[in-house]
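Subject: Structure handover

Dear colleague,

Please find the structure below.

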Amino acid sequence: MDALLEEAIDALFRVFEGYPLRRSTEPCTCCHEPDEERVLHERLLPELSADDLRGFAGDALTVWGNEVDFKHFLPRIMEITVTAGGSDWRRQDWIEWPDTESIFERLAYGTWHEWPELEQQAVARFLLGLGHRLSAR
């Protein structure tokens with residue numbers, strides 16, 4: 001991962017670190033098993049794997065969790081989205097991670113452009129870092 005994107009991910013972790021992990025992130029019980037949520041509480045955020053977060057990442061803000069939950073997991077979700085899967089970060093089949101477009105749709109659905117300025121800047125910095133990485137390919 002290039003330095004610009006790495007710095008942007010570090011900034012996401014710093015900016016969103018104040019959002020706590022709620023006791024229950026309220027997954028839809030028709031769509032998700034209790035174990036899917038339980039695993040989110042077993043590790044620290046940076047230690048959660050793609051497999052741990054796959055269900056939440058795909059359903060955040062629609063049938064799982066609220067804005068606080070999304071902001072709590074956002075740095076790790078973005079980090080996994082761009083670092084997992086080897087050299088081709090867009091290849092998502094390796095763990096059934098939600099496709100990249102779905103991940104970024106969560107930002108739009110969560111109206112990130114209306115969040116506090118510091119949070120908007122952190123997301124924009126990440127998106128710029130990602131754009132820089134893609135243009136370098």
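Helices α3 and α4 are oblique to each other, a term for angles that are not under 35 degrees (roughly parallel), over 145 (roughly antiparallel) or 65 to 115 (roughly perpendicular). Their packing angle is about 125°, and the axes lie 11 Å apart. Axes here are lines fitted to C-alpha atoms, for helices over the stretch in contact, and angles run from 0 to 180 degrees between N-to-C directions. Helix α3 covers residues 50-59 and helix α4 residues 67-83; helices (H or I, at least four residues) and strands (E, at least two) are DSSP runs, numbered from the N terminus.

Before the rest, the conventions. This is a predicted model, in which local features need pLDDT of at least 70 and side-chain atom pairs count only at pLDDT 80 or more, while totals for chains, interfaces and linings use all residues. Residues are numbered from 1 along each chain as its sequence is written, and side-chain values use heavy atoms, with hydrogens and water left out.

**Helix packing**

The crossing of α3 and α4 is left-handed, meaning that the near helix is turned anticlockwise from the far one by less than a right angle (clockwise would be right-handed). On the α3 side, Ala50, Leu53, Phe56 and Ala57 are in contact with Asp69, Phe70, Phe73, Arg76, Ile77 and Ile80 of α4, where contact means heavy atoms within 4.5 Å. This contact of α3 with α4 has 8 nonpolar, no polar and 2 charged residues. For these classes, Ala, Val, Leu, Ile, Met, Phe, Trp, Tyr, Cys and Pro count as nonpolar, Asp, Glu, Lys and Arg as charged, and the others, Gly among them, as polar.

Helix α4 also packs on helix α6 (residues 117-135), at an angle of about 5° and with axes 12 Å apart. The two are therefore roughly parallel. Lys71, Leu74, Met78 and Val82 of α4 make this contact with Glu119, Val123, Phe126, Leu130 and Arg133 of α6. By class, the contact of α4 with α6 holds 6 nonpolar, no polar and 3 charged residues.

Helix α6 packs against α1 as well, at about 160° and with axes 8 Å apart. That angle makes α1 roughly antiparallel to α6. The crossing of α1 and α6 is left-handed. From α1, the contact takes in Leu4, Leu5, Glu7, Ala8, Ile9, Ala11, Leu12, Arg14, Val15 and Phe16; from α6, it takes in Leu118, Glu119, Ala122, Val123, Arg125, Phe126, Gly129, Leu130, His132 and Arg133. The contact of α1 with α6 divides into 13 nonpolar, 2 polar and 5 charged residues.

**Cysteines**

The structure has 0 disulfides, a disulfide being a pair of cysteine sulfur atoms within 2.5 Å. For cysteine 28, the nearest cysteine sulfur is that of cysteine 31, 3.4 Å away. Cysteine 28 is partly exposed, at 23% relative accessibility; buried means under 20% relative accessible area, exposed over 50% and partly exposed in between (1.4 Å probe, protein chains only). The sulfur of cysteine 30 has its closest cysteine sulfur in cysteine 28, at 4.4 Å, which is too far for a bond. Cysteine 30 is exposed, at 75% relative accessibility.

Methionine 1 sits in the segment before α1 (3-16) and is partly exposed at 47% relative accessibility. Leaving aside residues up to four places away in sequence, methionine 1 touches Glu6, Ile9 and Thr83. Between methionine 1 and glutamate 101 there are 100 residues in sequence and 20 Å in space, C-alpha to C-alpha.

Glutamate 79 belongs to helix α4. With a relative accessible area of 19%, glutamate 79 is buried. Not counting residues up to four places away in sequence, glutamate 79 touches Ile9 and Phe13.

**Positive phi**

Which loop holds glutamate 26? Glutamate 26 is in the loop between α1 and α2 (34-38). The phi of glutamate 26 is positive, about 55°, although the residue is not a glycine. Glutamate 26 is exposed, at 51% relative accessibility.

Threonine 111, in the loop between α5 (100-109) and α6, also has a positive phi, near 45°, and is not a glycine. At 28% relative accessibility, threonine 111 is partly exposed.

Regards
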